[in-house]
Each structure stands twice: as C-alpha cells, then as structure tokens.
Amino acid sequence: MDKLFLSGTFKNFIKPRIFVIDGTTFRLHYRLTALLLSVCSLLVSATQFYGDPIQCIQTDDVPKKVLDTYCWVEGTFTLPKALGKEVGVEVVYPGVDQRDPGDEVVFHAYYQWVCFVLLFQAALFYVPRLVWRSWEGGRLKHLLQKLNSPIIAHCEKKKCCDQLVTYFRCNMRQHSSYSYKYLICELMNLVNVTGQIYFVDYFLGGEFTTYGLNVLHFATGAQEERMDPMVRVFPRLTKCTFHRYGPSGDVMKYDALCLLPLNIVNEKIYILLWFWFIILAVATAVSILYKVALLCSREVRYLALHSFARLSPRDHLRTIIKKTTYGDWFVLFLLAKNMEVINFKDFIADLFKDFKSPLANNDNNDISTTSN
C-alpha cells in the first residue's frame, strides 16, 4: 500500500505544480475527478476481487462455490412487478418474487464491470490534459525562464525581462492558435463530462440521469410510501436461476436468492458521482462562458489580468491590453499566474516602455482596431 501511494503516478496527482498552464476548472477534471474515479475503482476492486461480492443460498444438490461463481458470471435478475409489493408479506425483498411466463425481467450484470468502467472514465478525464500538454509544448516554461523564482539577481532578472519583451515585440498577434487550442480543450472537458453522464446512464440501464433527484425525493419524503431508488438500481438481494442435468438426464432448474454486498458500495459511489458530475458540468459551462466574455471584451481581460498583477500600474495594463489580441493576453495571463508579482510588475513596465517607443507605435498602432 505504501508503494502505491508513494509511486510516481499517485504523486503526480497530489504534488504542487511548478508551472500552471491551465485554469482551476480544468484541473478539477484531470486531477480531482480522475483521482476520485481511480480511488472508487480501487475500492470496488478490493471488495470484488479480495472480498465476497456475492453470496447465494445454496441447495443440497449444488455446491455453494459453484452456485456463487455461476450467478456472479451469468448475472442475477429482479422483477419490476415486485418492486412495490410489501416486504415480509408479499415478497422477501423488493423485486424478488416468483417468476411467471411473460413477466418483465431486469438482469443485473453491470457489477462485474464497475471497477473497469470507473478506471476507463478516469482515463477519459485525463485525455484533454494530455492533448493540451502536447499542444502547449512547454512554451510557458521557456518564457518564464527564472522569473517565477522569488530570489533572482537583478542583472539576471533584467536579462530575462528584456528577452521576454523582445519575444512579445517579435510575436505580436501570433498567439491566437495557442489560446484557441486551450479553448478547444475546455470544450473537450465539457463534452467529456456531459457524455459521461449519458454513458453511465446507459451502463446502468437508463437510471443514472434521474438517480440523484430520486434519492433526494426519497430522503425528504415519507419513506414508507416510496420505493428506495438505490434499492431499485443497486439491489442487494436478487434471484438467480441455475440449470443442471438430473439423474435421469432431464434439465433441472434451481432458483436461488443471492446477496450482493458489493452494491452497498456501488450505490454510494454513484450517488457521489451524480452530484459531482452535475457540479462539474455546470462549473465547466460557466468557465467556457467566462472565456467567451474574455474573448469579446477587453475590459474583462483587464479586470482578469489586474487580479493577478495588482502591483502593476493600471494605465500600463490598459495600454498593453489595448495593443494586444486575445491570444497575446492569454500568454500574459499565464505569465501573471506563474511569475512572481514583483517580477511581473517589472516585465509589464518594460513592455509598456517598449509599446510607447516610436518604433512600437508605428508597428502596432492599428492592432486594437484590427483584432480583439
């Protein structure tokens, strides 16, 4: 266990980042959500492979181990007609009743795949991060040089700032593709979390999209008059039909009751995921709307940049934003998030002086009217 939590993979999730190349909502996807799904997968795996995930009431003719293995592999079932019947009087458990010809049957075999599906979902949440890292290509790291350090010699800081100003001077209006690629990855996050809600809904037989709301209604209502949605989606007691040949060669059928303690874990995991996916989808949608506002309004860009560069004079920031495009602003914003505040102030002052020079004015005086 110590080796697992001290491994490089796990430390990559929890260690602080030296360079921040994305936003808080973005990190919720590939760090917190991917970690949450991975932990849930490990929890289910530990219960499934190292515990006793199914226990069936054996008959004298069928060994218990054989019956448990068969029902686990082939799956169990419940009857929707028995969900509303009185437990202890009409049925032994909601959904467990005598099966008659023509009865609707709901088979439950998803629990065999829960641990693998959760791990697959965790990998999907990390895909946009991998795409963005590939597209970003370490640009921010090279631009920062040593300016993210609080202790740096004055001459070395001046050299780094001059190089950074020269880079901006030579690459004005050439960062659009860089910023738009990040927006694409943000959209990938939204598509991914929305798609996963419907994917889990399909995996659980169409019960996931309304699962959280049904649980809330059950928790706040009169429970004796309502059917527990967690019992319907994740039944703890089901039926299994085992067939074998009898002494005369005829096929004999055995009905067994099977206890599924693993579903006690599954129902808690998926109620947590339902709420988290909804919160994450809403937060991601709001984040994208915020990016659209940044793309359309220089005033919003100024306010966002000023929140990370409070030591920089406001007229410096407004002048720079007026002369730069959204792509240029995006690079400046990432620098502001990663650079020491004093170092960023000095860099903004040098960039402002460069923009005020006659050469810069002749080259860039029409930027604000040609592009956002």
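At 35% relative accessibility, Ser-307 counts as partly exposed; buried means under 20% relative accessible area, exposed over 50%, and partly exposed in between, with a 1.4 Å probe and protein chains only. Ser-307 is found in helix H12, residues 298-308. Helices (H or I, at least four residues) and strands (E, at least two) are DSSP runs, numbered from the N terminus. The C-alpha atoms of Ser-307 and Phe-333 are 26 residues apart along the chain and separated by 9.9 Å.

The model is predicted, so to speak of local features requires pLDDT of at least 70, and side-chain atom pairs count only at pLDDT 80 or more, while totals for chains, interfaces and linings use all residues. Residues are numbered from 1 along each chain as its sequence is written, and side-chain values use heavy atoms, with hydrogens and water left out.

## The chain as a whole

The secondary structure of the chain comprises 17 helices and five strands. Of its 372 residues, 45% count as buried. The chain exposes about 19400 Å², of which carbon and sulfur atoms supply 61%; accessible areas come from the Shrake-Rupley method with a 1.4 Å probe, and for residues only the protein chains shown count as cover. Among contacts between residues at least 6 apart in sequence, 74% join residues at least 24 apart, where contact means heavy atoms within 4.5 Å.

## Nonpolar cores

In soluble globular proteins, nonpolar side chains tend to be buried together. A nonpolar core is here a set of buried Ala, Val, Leu, Ile, Met, Phe, Trp, Tyr and Cys residues joined through side-chain atoms within 4.5 Å. The largest such core has 45 residues, and Leu-118, Leu-204, Phe-208, Tyr-211, Tyr-270 and Phe-277 touch the most other members. Helix H11, residues 262-296, contributes the largest share of this core, with ten residues. Apart from it lies another core, of 41 residues, which includes Ile-21, Tyr-30, Met-339 and Phe-347.

Leu-118 is in contact with Leu-37, Cys-40, Ser-41, Val-44, Ile-269, Tyr-270 and Leu-273, leaving aside its neighbours within four places in sequence.

## Helix packing

Two packed helices are described by the angle between their axes and the distance between the axes. Axes are lines fitted to C-alpha atoms, for helices over the stretch in contact, and angles run from 0 to 180 degrees between N-to-C directions.

The axes of helix H3 (residues 24-50) and H11 come within 11 Å and cross at roughly 175 degrees. H3 is therefore roughly antiparallel to H11; angles under 35 degrees count as roughly parallel, over 145 as roughly antiparallel, 65 to 115 as roughly perpendicular and the rest as oblique. Residues making the contact include Leu-36, Leu-37 and Cys-40 of H3 and Ile-269, Leu-273 and Phe-277 of H11. The residues of this contact divide into 16 nonpolar, eight polar and no charged. In this division Ala, Val, Leu, Ile, Met, Phe, Trp, Tyr, Cys and Pro count as nonpolar, Asp, Glu, Lys and Arg as charged, and the others, Gly among them, as polar.

Helix H14 (residues 326-338) and helix H15 (residues 341-356) pack at an angle of about 150 degrees, with their axes 10 Å apart. These two helices are therefore also roughly antiparallel to each other. Leu-332, Leu-335 and Ala-336 in H14 meet Phe-344, Phe-347 and Leu-351 in H15. This contact has six nonpolar residues, no polar and no charged.

## Individual residues

Most residues other than glycine have a negative phi.

Asp-103 is found in the loop between strand E2 (76-78) and strand E3 (106-108). With a relative accessible area of 22%, Asp-103 is partly exposed. Asp-103 and Leu-79 are 24 residues apart in sequence and 7.4 Å apart in space, C-alpha to C-alpha. Beyond its neighbours within four places in sequence, Asp-103 is in contact with Lys-81 and Gln-98.

Asn-343 lies in helix H15 and is buried, with a relative accessible area of 5%. Not counting residues up to four places away in sequence, Asn-343 touches Leu-147, Ser-149, Ile-152, Lys-157 and Cys-161. Asn-343 and Ser-149 are 194 residues apart in sequence and 8.8 Å apart in space, C-alpha to C-alpha.
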